[in-house]
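I set out to look up the salt bridges in this structure. For each pair I wished to record where the partners lie and how accessible they are.

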Amino acid sequence: MNASRNGHDGVEPNVGPTPRGEPEFRPYHHPAAGWGAAKSVTRVLVDEKALVDGPRAIMRMNHERTGFDCPGCAWPDDTKGLHLDICENGIKHVTWEMTGKRVGAEFFAAHSVSELFEWSDFDLEDQGRLTGPMVYDPESDHYVPISWRDAFELVGRTLRELDDPNQASFYTSGRLGNEATFLYQLMARELGTNNLPDCSNMCHEASGRALTASLGTGKGTADLKDWETTDALFIMGVNAASNAPRMLTALAEAYDRGAQIVHINPLVEAAATRTIVPHDFTDMALFKSTRTSTLNLQVRIGGDMALLRGMSKAILEQAKTDPKALDQEFIDRHTAYFDDYRAVCEATSWDEIERQSGIDRDGILAAAKVYREADRSIMSWCLGVSQHEHGVDTVREIVNLLLLRGNLGREGAGPSPVRGHSNVQGNRTCGIDHRPGAEFLDRLGEVCGIDPPREHGMDTVATIQAMRRGDVKVFVGMGGNFALAAPDTPYTYAALRNCDLTVQVSTKLNRSHLVHGRRALILPCLGRTEKDHQRGGIQSTSVEDSMSMVHLSIGMKRPASKHLLSEPAIIAGMARAALPDSATPWEWYIEDYDRIRDTMAQTLDGFEDCNRRVRLPLGFRIKQPARELVFLTPSGQAEFSTAPLPDVVPAPGTLALGTMRSHDQWNTTIYSDNDRYRGVKNLRTLVFMNEDDMRERGISEFDPVDIVATAKDGTHRRLDGYLAIPYDIPRGCAAGYMPEMNVLCAIGDYSLQSDQPLMKHVKVTIEAHA
């Protein structure tokens, strides 16, 4: 399969706005956040005409009990009661949602789907908020209005007429609140399917599987208080300044108290240098920046596991003369298979560790020294670690290193994955799981009076493949922009178009509305910032952050349209239409979300008495057995893993390419063609390359290049005419933006360990444009 640039099928999505000028590249040397963020926020508030509502939202965002949870990242709320627990990207996200622009029936009457398909994704979302349910009319090629009752009936009838409930798949984006999540999975399972793919299948599936295998829990054990007391932070595979900007406060505070901060990433991102925290008004006034790292290691793409193995090897070698290098008492009491792991480390040569990691021995020993000298250490990671063939093994290697010095079950220590979306962890907690456990299904069946299916369902990749084959005929997407977020863009487009019905529950127009099945619905929902009026009064929803804290979110703004429904109400409407004889009290649940939470409290581990506890200051933390040194593993202990190092060194002439966001982007939503922290303006169709790799290929700055990816099955995908940017990145590595580069990741190129698409490790050749 070949994918050329700007094809009609959108194989290279045109996502950004029309550039405001010629492409520019100037390396960024300023602090992260600070006045750059303040200027960006001001511009966004002016452009969105949100000079009144914007500041009001800023004062309410992430405020316990009275405010709404930021619909952006999943970083925890500040434990010290900070009045401005916000960031640049969170404000962008909120003002983008609160726009005064509207997309109603008149808009769809004026523009056919074929016409809208040619628009950029920026222009689609920039039209504003959807105002009422729409159905696709194939005769006119337009979306036309439909009543909520008829929309629900179309969904219900189509689901009822399926030969097998497994012919439907129910996708979840990370923005869905816990109450809607619980109802959504309940609907799917009452229908008779576990086809519940979610964005975790593309992001942190490896983390959950690895932590479960090593510790018996799929989540990190560290919380924000641990971050505030640790002696050493290791930040791996994450661009925190853009993906979790509120982490900058934690990094600055850690540096100020003398903690060591080690960043491990192929690129030295802005968060790994210095910052000015915008709510620190004194530092802002004095232009005083704070360092956010004490050591930066530019590992090759995919080389993290080798670096970690090297750190462990160094610690074990030191322990031969200094027994205190290990916490032997912890190892003996709480772990299994230590001797096997030690043998693996001893058998792995330093030459191989250096070759695979791309880091020389001195650099590895420097990181090991930081770890050895710290009494308490936290290791944190994101998609740069998980979106690889060997992502599960790499996360298990993180746990191996933590176990060597007993960095588990005590304050200031532990594993801490960085979830990228506001409630993606809560989705999994509340039942969005295509591989549910028997204990959960037993309790769900008992509490809710249903007989849930027991066979595993389909994840994201399997769902796309099944749609393409015709085995899945109905696709329901709760939030997100599935058509752009998924791998192998032309394959995913063809799969969606092969469905009998696609349903997208959304706040704004996006590409997934235009890449649709033979029948299609757009069902517009309330945003996180908006008041949710139900019969029982204004409702709140709960969300779970990346450190297992569950808290309430309550909207502050009048809904964008009187015809919008909440996500729980939309799910209940579809469920009643699909299951007309169901004993589940769908309508009763929607009257008062406390009723949903009462049922969740009976069903979900850790949610006991949640209606009371979620109203406590900062909410409540879901119990983590491994934090209490209780390990739900086969051995009953924390288990060392002994996987061999993978070979991640690119073959001669090839490069390892990783996809990533720009700074002015949130998932598939593009705010501009700029990437401030990487020094890029007016350009997204680019590839960052090592200067020596460029020189070897006769490529200069801004030269057009052709990028060809070779899939596991030997087929090729390509992007032509991208502009090359020289960047500080290891030799043999390259990087560029998603979703444009998702086309390069073949549908069959997924990890055999986690089933995640290999978005961070695409094998490519790059040559001067023919």
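**Notebook: salt bridges**

I began with Arg684 and Glu740, which form a salt bridge whose closest N and O atoms are 2.6 Å apart. I note that the model is a predicted one. Arg684 sits in the loop between β28 (680–681) and β29 (686–689), and Glu740 in the loop between β32 (733–737) and β33 (762–768), so the pair ties together parts that are 56 residues apart in sequence. I then looked up accessibility: Arg684 has a relative accessible area of 5% and is buried. Glu740, at 2% relative accessibility, also counts as buried.

I next recorded a network: salt bridges with shared partners join Asp198, Glu205, Arg209, Arg428 and Asp755.

Asp322 is partly exposed, at a relative accessible area of 22%. Arg372 counts as buried because its relative accessibility of 16% falls under the 20% cut-off.

I then turned to Glu153 and Arg157, whose side chains meet in a salt bridge at 3.7 Å, N to O. Both residues belong to helix α7 (residues 148–160) and are four residues apart, about one turn of the helix. Glu153 is partly exposed, with a relative accessible area of 30%; Arg157 is partly exposed at 32%.

Finally, I noted the total: the count comes to 51 salt bridges.

Definitions and conventions
Residues are numbered from 1 along each chain as its sequence is written. This is a predicted model: local features need pLDDT of at least 70, side-chain atom pairs count only at pLDDT 80 or more; totals for chains, interfaces and linings use all residues. Side-chain values use heavy atoms; hydrogens and water are left out. A salt bridge is a side-chain nitrogen of Lys or Arg within 4 Å of a carboxyl oxygen of Asp or Glu. Helices (H or I, at least four residues) and strands (E, at least two) are DSSP runs, numbered from the N terminus. Buried means under 20% relative accessible area, exposed over 50%, partly exposed in between (1.4 Å probe, protein chains only).
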